[in-house]
Amino acid sequence: MPEISVVLPVWITNDELYSLTGKALESLMNSQGWGKCELIIIDNASPIGADQLLSLADIYIRNKVNLGYVKAINQGLKLSQGSLIAVPNNDTRISPNWIQVAKEVFQRDPKAGSLHFKMVGYNEPFNLGDAVWDKGKERWCQCSWFIWRKKAADQIQGLDENYGLGGYDDWDWLLRMRRKGWKSMYTNAAAFQHKDSSTQNILDQEKRKMSDNKNYEYFKSKFGEYPDKMWERLYPEQYKVPWRPYP
């Protein structure tokens with residue numbers, strides 16, 4: 001039984017994304033303690049790269065059409081066997097110590113529902129620290145690379161699939177998880193490099209904008225308040241300092 005399931009959704013449409021995905025996979029497989037992980041790749045009908053993905057994955061699911069990020073994550077969640085679920089983007093590279101850091105944080109706090117690492121630019125050094133925050137830093141808990149406690153993810157039934165192409169789906173699940181009494185933790189003891197929105201940038205930008213607007217309104221219809229307004233009200237102390245750089 002794996003300790004950690006890694007769910008990697010992909011949609012590879014060009015050579016750059018193929019290269020970035022390969023580097024993301026190489027980074028994961030060079031992690032300390034990788035042998036205790038399982039790799040679940042959800043391929044949203046990539047026109048290239050399928051053979052490589054199939055050869056590397058413990059579980060490989062290929063959708064006939066692009067179902068989007070949200071549905072792909074839920075597919076992987078249902079297949080996962082680990083007590084922790086890591087969800088990286090395929091345009092990231094992770095510091096090799098992340099497995100041990102995650103295990104220590106989740107073991108230390110039984111109410112830790114998700115763990116979020118320090119994010120830096122794609123070619124920037126990791127510059128690791130040794131701090132862990134369990135409250136007051138929720139604004140740092142972005143979701144380009146995060147780890148769920150499976151129990152928490154199952155309790156909220158994963159991501160809400162009404163969020164179209166994505167956008168505000170992470171605001172939604174973080175809120176629902178916290179309302180169930182789980183904490184979203186942030187640490188700089190591990191970090192990841194991110195080449196922002198590499199997959200999102202190949203989408204039709206007008207469709208992406210329309211999807212973001214639709215999701216923004218859907219969040220309000222669901223919770224009675226727009227996401228940014230809710231976050232500013234719930235976590236006012238975070239708006240006194242810049243969002244970036246991360247500590």
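**Figure 1. Buried residues of helix H6.** Asp-169, Asp-172, Trp-173, Leu-174, Leu-175, Arg-176, Met-177 and Arg-178 are the buried residues of H6; buried means under 20% relative accessible area, exposed over 50%, and partly exposed in between, with a 1.4 Å probe and protein chains only. The helix spans residues 169-179 and is mostly covered, with eight of its eleven residues buried. Helices (H or I, at least four residues) and strands (E, at least two) are DSSP runs numbered from the N terminus. The model is predicted: local features need pLDDT of at least 70, side-chain atom pairs count only at pLDDT 80 or more, and totals for chains, interfaces and linings use all residues. Residues are numbered from 1 along each chain as its sequence is written, and side-chain values use heavy atoms, with hydrogens and water left out.

**Figure 2. The second largest pocket.** Its lining consists of Lys-118, Met-119, Val-120, Gly-121, Glu-124, Pro-125, Asn-127, His-194, Asp-196, Arg-244, Pro-245 and Tyr-246. On a 1 Å grid over the protein atoms alone, a pocket is an open set of points with protein on both sides within 12 Å along at least five of seven lines, a cavity is a set where a 1.4 Å probe fits but cannot get out, and lining residues have an atom within 4 Å of a point. The pocket holds about 160 Å³ of space; grid points are joined across faces, edges and corners, and a volume is the space filled by probe spheres set on the points. Strand S6 (residues 112-121) gives the largest share of the lining, four residues. By class, five lining residues are nonpolar, three polar and four charged; Ala, Val, Leu, Ile, Met, Phe, Trp, Tyr, Cys and Pro count as nonpolar, Asp, Glu, Lys and Arg as charged, and the others, Gly among them, as polar.

**Figure 3. The largest cavity.** The structure has one cavity of 30 Å³ or more. Residues lining the largest cavity include Ala-24, Ser-27, Pro-88 and Trp-145. Helix H1 (15-29) and strand S5 (92-94) each supply at least two lining residues.

**Figure 4. Surroundings of Asn-97.** Asn-97 lies in the loop between S5 and helix H4 (98-108) and is buried, at 18% relative accessible area. Its side chain makes a polar contact of 2.7 Å with that of Ser-95; such a contact is a pair of N or O atoms within 3.5 Å, where within protein one must be able to donate a hydrogen and the other to accept it, and residues adjacent in sequence count only if both atoms are side-chain atoms. The Asn-97 side chain also reaches the backbone oxygen of Ala-189 at 2.8 Å.

Key
Contact = heavy atoms within 4.5 Å. Lists of a residue's contacts leave out its neighbours within four places in sequence.
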